[in-house]
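Open the model in your viewer and keep the sequence panel beside it. The tour makes a few stops, each beginning with a selection.

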Amino acid sequence: MKNVLILGGTGFIGSHISNSLANQGYNVSIISRSPNLYYPLDSSCKIFLASIESMEMLSKLNIDWEFNYIINACGNGDHSNFSDAKYD
């Protein structure tokens with residue numbers, strides 16, 4: 001059985017990827033910064049709460065880090081750091 005880690009697996013795109021892979025028989029682990037599930041997930045998906053920006057939070061996760069694939073589906077909820085002036 002293949003193991004997949006999906007970063008941002010509870011969001012719109014990530015949840016669809018998570019469900020598709022779980023339905024194909026993959027062991028799906030998800031790291032999400034939000035405990036809110038806006039989209040239904042397959043019951044076999046394992047969800048871990050952490051921000052990928054915090055090594056301290058990631059190091060405290062009780063997770064088996066042996067993955068065949070890692071998929072980054074993270075979004076950025078705060079777009080205030082981006083502006084047209086920054087790229088002029």
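Predicted model: local features only at pLDDT ≥ 70, side-chain atom pairs only at ≥ 80, totals over all residues.

Isoleucine 52 sits in the loop that runs between strand E3 (46-49) and helix H2 (55-59).

Now display its contacts. Setting aside neighbours within four places in sequence, isoleucine 52 touches Leu7, Ile31, Leu58 and Cys74. Glycine 8 and isoleucine 52 are 44 residues apart along the chain, with 9.2 Å between their C-alpha atoms.

Next stop: helix H1, residues 12-23. From first C-alpha to last, the 12 residues of H1 reach 17 Å, close to the expected 16 Å.

Colour the buried residues of H1: Gly14, Ser15, Ser18, Asn19, Leu21 and Ala22. Look down the axis of H1. The buried residues fall within an arc of 170 degrees, so they line one face of the helix. Residues three or four places apart in an α-helix point the same way, because there are 3.6 residues a turn.

What do the buried residues of H1 pack against? Select strand E1 (3-7), strand E2 (27-32) and strand E4 (69-72): these are the packing partners.

Finish just past the end of H1. Select glycine 25, which takes a positive phi of about 100 degrees.

How values were computed. Residues numbered from 1 in each chain as written. Heavy atoms only, no water. Helix = DSSP H or I, 4+ residues; strand = E, 2+ residues; numbered from the N terminus. Contact = heavy atoms within 4.5 Å. Expected span 1.5 Å × (residues − 1). Buried < 20%, exposed > 50% of the residue type's maximum accessible area, 1.4 Å probe, protein only. Arc of directions from axis to C-beta.
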